[in-house]
Amino acid sequence: MAEIVVETTNLTKKYDGFTAVDGLNLHIEEGEIFGFLGPNGAGKTTTLLMLLGLTEPTSGTAQVCGHNPTREPLKVKRLVGYLPEKVGFYEDLTARQNLRYTAELNHLPGREAEEKITDLLTTVGLSKVANQEVRKLSRGMKQRLGIADILVKEPKLAFFDEPTSGIDPEGIGDILNIIAKMAKRGITVIFCSHQLPQVQKICTRVGILAKGRFVAEGPLDRLGRQTLGGGRYRIEIQVSQPTAKLIEFIKGIKGVIDVTVSPESLLVTCDTDLRSQIARTIVDAGGSLLGMKIEEYSLEKIYKKYFRED
Amino acid sequence: MYAVFRKELADHFNSRRFMILFLLALLAAVFAIYVAIQNIRSVVTADTEFIFLKIFTTSGETLPSFLFFISLFIAIIGIALGFDAISSERVSGNLSRLLSQPIYRDAVINGKFLAGLTVLGIIVASLVAIVSGLGLRTIGVPPNSEEVLRLIVFVLISIIYGAFWMALSVLFSVFFNRAATSMLASIGLWIFFAFFMSMIAGAIANARVPIDTNSSLEMITQNVQIAGAIGRISPATLYGEATAALLVPELGSLNPAMMLISTYIAGRMLTPLPFSQSLLLVWPQLVSVVALAAICFAVSYIKFMREEIRSI
């Protein structure tokens, strides 16, 4: 079982009468990319700030990499990188100087830091502007510099708060790629966003937050099935001749609930993922299978469904 | 904290703000020294003991002395070094990034304050050194050891006075998000203390104990006492008194009534006080300015430490 990186129990934050985060139970394992979704003001950033020890929870506890962020903020901050939504750098300093400052604050020895900074600037594609003042960099570049800034301290866990807002599509692609690469290197990522397609692209698990509470949480496909498919799988099959006999055969497979026929395809509803059994049945029955695909649930639909119910 | 301190110091030295302030202060100092040298002959007599100190305190008929200039500039430099210390970090989005690094939160404010203090010290010390050098060359009278001591204490008091204004402007920068608001508040308070306080003190004293040309000495003394006491609320007055006692050793007392009486009875007191006595004289002033600076810093420290970083 993977190591638990973030765990909260009934984490609550109240700001003079207003509850920003309401009894949140979060559980994130090592190596995950957790998509933290929700409308503005749902409590995403507040949760991150509590996990970093920058804000004290009103009640409930949090454990980050085995430390309590309120009691041992320095230990947590040594292991966690945070890219705030409105990230800023010292505009008069160059990209390299900004990273050097972060390295100093993290007590990295000079020469090692220089090498690492050079590497990181290459990783995020900023080596050409390394010695330019930050004021001359574009927004996308600054955001990538922010990622490099997080990586300087070699974190175990990284928080991204809306890393792609206000950036052109190409820039977004770059940023998502870098984040996906980070996860491959074993860094656990919490990704706050309302750019649903992006979350869908890279996140292994999502949690949807509304008014400080989770309304849904889990891997994307499961979430989709629960909300949209009534907890069932829907498989679309294309065969050369959808004969009545073939349909009977498919209906006979254990676990298949219903088969609907349309001119182009058959739509099979079932309890579990029965693709291999269905394929075998069709071939055994002498039919020719042209295509088969399991229905994917777009995060957008899932998300909208939750917020329509409100 | 050392990293923050070093970065802030480097920032100060690279900033245009520092260059402008230093040049301005330097110009003013050189100008004041020129005035002093022009007029020094008229204030020095055969038995003047501390000729070198006169460079700093001699003014022209209409032109002010170095002491006057530096009392203005130190406050301005102090304010300029602190008014956006915290707010600029917050507005630029650096603060949350900075605070998510493994440093204690007070390292940020301490490092900034110490860096400002260092810059202030360098400015004041170099100004006094430059002026001393110029004075030494032109009047050709070297300072005696007591004068050197007095100047060193003068530099220290000036740094502390500057530190007060810096602490005050840092305080405003913690409370106000906009640098302009924080600067205006600091400058406003400075103008009030430096220029209006004495007027208000005089007005209150006159209301309590009205005096005219026929008033008895007792009445006049009382009036001056009240005005002096109220005036001392202002750190600018405290600094003025402290530096006067240090650089004008002939000043026998800082009690306004005593000063008044001495001019009535004996004309100017010409016997200079020994250094230890002058130091004793300025001790309360010195402690008050230190205390004021400490209070300002403590309030900004507490406010900054307890402040919650919120998502906006």
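This is a predicted model: local features need pLDDT of at least 70, side-chain atom pairs count only at pLDDT 80 or more; totals for chains, interfaces and linings use all residues.
Asp11(B) and Lys7(B) both belong to helix 1 of chain B, residues 2-14, and they sit 4 residues apart, which is about one turn of the helix. Is Asp11(B) buried or partly exposed? At 24% relative accessibility Asp11(B) counts as partly exposed, because the limit for buried is under 20%. Through shared partners, salt bridges join Lys7(B), Glu8(B), Asp11(B), Glu89(B) and Lys112(B) into one network.

Let me turn from that network to the salt bridges as a whole. Over all chains, a search of the whole structure finds 24 salt bridges. One of them pairs Arg205(A) with Glu32(A), at 2.4 Å from N to O. This pair links distant parts of the chain, since Arg205(A) lies in strand 9 of chain A, residues 205-210, while Glu32(A) lies in the loop between strand 3 (27-29) and strand 4 (33-37) of chain A, 173 residues apart. Arg205(A) counts as buried, with 13% relative accessibility, and Glu32(A) is buried too, with a relative accessible area of 12%.

Now to the interface. How many salt bridges are counted between chain A and chain B? The count is 2, and in a salt bridge between Arg97(B) and Asp149(A) the closest N and O atoms are 3.0 Å apart. The rule also finds 10 residue pairs in polar contact across the interface of chain A and chain B, with both residues at pLDDT 80 or more. On the side of chain A that touches chain B, the elements giving two or more residues are strand 1 (4-15), helix 1 (44-52), helix 2 (73-79), strand 6 (80-83) and helix 3 (95-105) of chain A. Helix 3 of chain A gives the most to that side, with 5 residues. Sorted by class, that side of chain A has 14 nonpolar, 7 polar and 8 charged residues.

As for extent, 29 residues of chain A are in contact with 23 residues of chain B. The area buried between chain A and chain B is about 2500 Å², and carbon and sulfur atoms give 53% of it. Within chain A, Leu54(A), Tyr90(A) and Leu105(A) lose the most area to chain B, together 25% of what that side buries.

Finally, the interior. In soluble globular proteins, nonpolar side chains tend to be buried together. Here the largest nonpolar core has 123 residues, and those touching the most other members are Phe159(A), Ile190(A), Phe56(B), Phe66(B), Phe154(B), Tyr161(B) and Trp165(B). Helix 8 of chain B, residues 145-175, gives the most to this core, with 16 residues. If we leave out residues up to four places away in sequence, Tyr161(B) touches Ser71(B), Ile74(B), Ala75(B), Trp190(B), Pro235(B), Ala236(B), Tyr239(B) and Val289(B).

Key. Residues are numbered from 1 along each chain as its sequence is written. Chains are lettered from A and ligands numbered from 1 in the order in which they are written. Side-chain values use heavy atoms; hydrogens and water are left out. Contact means heavy atoms within 4.5 Å. Buried area is the accessible area (1.4 Å probe) that two parts lose on being put together, summed over both. A salt bridge is a side-chain nitrogen of Lys or Arg within 4 Å of a carboxyl oxygen of Asp or Glu. A polar contact is a pair of N or O atoms within 3.5 Å; within protein, one must be able to donate a hydrogen and the other to accept it, and residues adjacent in sequence count only if both atoms are side-chain atoms. Ala, Val, Leu, Ile, Met, Phe, Trp, Tyr, Cys and Pro count as nonpolar, Asp, Glu, Lys and Arg as charged, and the others, Gly among them, as polar. A nonpolar core is a set of buried Ala, Val, Leu, Ile, Met, Phe, Trp, Tyr and Cys residues joined through side-chain atoms within 4.5 Å. Buried means under 20% relative accessible area, exposed over 50%, partly exposed in between (1.4 Å probe, protein chains only).
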